[in-house]
Amino acid sequence: MDRSRAIIGTDAKFVGTISNVKSIEIEGTVEADLTAEKLSIGATGKFAGQVSCDLVVIGGAYAGIMKAGSIWATETEQIAGEIHCQSRRE
């Protein structure tokens, strides 16, 4: 089992704090504060909260305050809030 990667599935809902994970994939709904190396929000994913990550890939919905090294946004992304990053790729 790879403990450095977490997945929140399509029908899952999570509220709280997420830490000690290198990579996380969100397909469900998450309300949390998150620190990770990589965050991926899939097309069905919804994430609300404060994020600090090296790389963020947004295909779904994000609302909150984000600090990231790089952000990759797809054509399905929906972003609300503050985004602070060094580079952005669309």
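**Group meeting: the nonpolar core and its strands**

Okay, let's start in the middle. The largest nonpolar core has 20 residues, and the ones touching the most other members are Leu 34, Leu 39, Phe 47, Val 51, Val 56 and Met 66. By nonpolar core I mean a set of buried Ala, Val, Leu, Ile, Met, Phe, Trp, Tyr and Cys residues joined through side-chain atoms within 4.5 Å. Two or more residues come from each of strand S3 (23–26), strand S4 (29–41), strand S5 (46–58) and strand S6 (61–73). S4 gives the largest share, six residues. Strands here are DSSP runs (E, at least two residues), numbered from the N terminus.

Quick caveats: this is a predicted model, where local features need pLDDT of at least 70, side-chain atom pairs count only at pLDDT 80 or more, and totals for chains, interfaces and linings use all residues. Residues are numbered from 1 along each chain as its sequence is written, and side-chain values use heavy atoms, with hydrogens and water left out.

Now the pairing, which takes at least two DSSP bridges between two strands. S4 and S5 run parallel over 10 bridges, with Thr 29 bridging to Lys 46 in S5. S5 and S6 are parallel too, over 12 bridges, and Val 51 sits opposite Met 66 in S6.

What does Met 66 contact, beyond its neighbours within four places in sequence? Val 51, Val 56, Ile 58, Ile 71, Glu 82, Ile 83 and His 84, with contact meaning heavy atoms within 4.5 Å.

Last one: Ser 40, in strand S4. Is Ser 40 buried or exposed? Its relative accessible area is 19%, so Ser 40 counts as buried (under 20%; exposed is over 50%, partly exposed in between, 1.4 Å probe, protein chains only). Setting aside neighbours within four places in sequence, Ser 40 contacts Ile 24, Glu 25, Ile 26 and Val 57.

Notes. Helix = DSSP H or I, 4+ residues; strand = E, 2+ residues; numbered from the N terminus.
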